[in-house]
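Here is a walk through one protein fold. Keep the sequence and the 3D view side by side.

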Amino acid sequence: MHDALDGLTERSGTAVRALVENLFAETGWLTCWIERMAQTAAADPFFDLPLVANGNKHQRGLVLFSHDCVTLTLNVLSIDALAAKKTHRRGPGAIIFTGGLTLQKFLKGGGALLQLWSAAAPDALFSLADGHCCAPAGYRAIKDGEILTTDGRTQSYVISHAVSDIVVLQADIRVDRAPLLVEYDAQSLLAVGASSTNDGASRSQMLLSFLSMLGRAGDADVLERYTHDDAFYLRWHATRELLGVDAGRAMERLRAMERGDPHPEIRDVARCAISMLAGQAAGATPCHA
């Protein structure tokens with residue numbers, strides 16, 4: 001799989017999907033591998049799986065394979081955890097559109113019934129203020145061995161019903177993703193949250209915050225460079241951090257953003273920030289709420 005991915009002339013979602021579909025067509029390799037692991041564990045009480053565990057309170061899993069283009073995981077969704085999620089839910093539920101292409105082979109379907117959802121794909125100008133909504137797109141009953149492909153840019157699902165644990169071999173394709181993961185409220189169906197699907201951009205935000213905390217004047221050049229990034233959320237994050245290092249340069253960037261940033265929300269928040277900073281400079285009492 002590594003060789004096939006590295007040998008792709010074009011790393012597109014379509015090309016990676018074709019390789020994953022070929023891998024998922026016959027999964028005897030996985031059964032054989034699990035049996036060998038089980039035998040080793042039975043013979044050695046100190047045996048430690050050479051794999052990374054992942055999951056949350058609703059599912060447990062292991063990372064089987066990781067590449068720049070795709071990650072393969074083996075997940076178990078507990079029927080008890082699914083039931084508890086429905087019974088003890090606090091507040092409204094959420095419908096998540098991951099922004100990426102996902103292939104799932106249900107090794108054990110668990111009698112699952114999926115409720116499907118659709119939405120418009122988010123682009124670089126996506127704004128929660130525009131009132132984006134998702135819409136119901138029917139239901140799908142899952143059988144053992146079935147392969148489900150979900151385009152997380154425009155498709156999502158929630159498990160409406162199941163009768164037993166669900167075991168899924170899952171491939172998350174990491175190329176050709178939408179810029180944002182979008183969360184919709186399950187009652188109003190309105191978009192209520194969004195986050196980056198770009199791992200590099202997320203790491204950059206964290207590292208820029210570290211630079212700002214250090215407060216070194218020489219880091220202003222690095223921070224300012226990121227105020228011109230293609231990702232609107234990274235531009236704004238870098239500008240906020242630049243304020244703590246070089247307020248003068250940050251004000252120049254804020255004025256430029258107010259005049260002509262491609263994203264309407266960035267223009268609006270830049271205008272608000274300039275007004276607030278001007279008020280503080282004039283001696284207005286800051287609000288500590």
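Which residues in helix 5 meet which residues in helix 7? This is a predicted model, where local features need pLDDT of at least 70, side-chain atom pairs count only at pLDDT 80 or more, and totals for chains, interfaces and linings use all residues. Residues are numbered from 1 along each chain as its sequence is written, and side-chain values use heavy atoms, without hydrogens or water.

From helix 5 come Ala201, Ser204, Gln205, Leu208, Ser209 and Ser212; they meet Tyr233, Leu234, His237, Ala238 and Glu241 of helix 7. Contact means heavy atoms within 4.5 Å. Helices (H or I, at least four residues) and strands (E, at least two) are DSSP runs, numbered from the N terminus. Helix 5 spans residues 199-214 and helix 7 spans residues 232-243. Their axes lie 9 Å apart, at an angle of about 5°. Axes are lines fitted to C-alpha atoms, for helices over the stretch in contact, and angles run from 0 to 180 degrees between N-to-C directions. Helix 5 and helix 7 are therefore roughly parallel, a term for angles under 35 degrees.

The largest nonpolar core has 32 residues. Such a core is a set of buried Ala, Val, Leu, Ile, Met, Phe, Trp, Tyr and Cys residues joined through side-chain atoms within 4.5 Å; buried means under 20% relative accessible area (1.4 Å probe, protein chains only). Helix 7 gives this core its largest share, six residues. Tyr233, Trp236 and Leu254 are among the residues with the most contacts inside the core. Leu254 touches Trp236, Thr239, Leu243, Ala270, Ala273, Ile274 and Leu277, not counting residues up to four places away in sequence.

Key
Parallel < 35°, antiparallel > 145°, perpendicular 65-115°, else oblique. Buried < 20%, exposed > 50% of the residue type's maximum accessible area, 1.4 Å probe, protein only.
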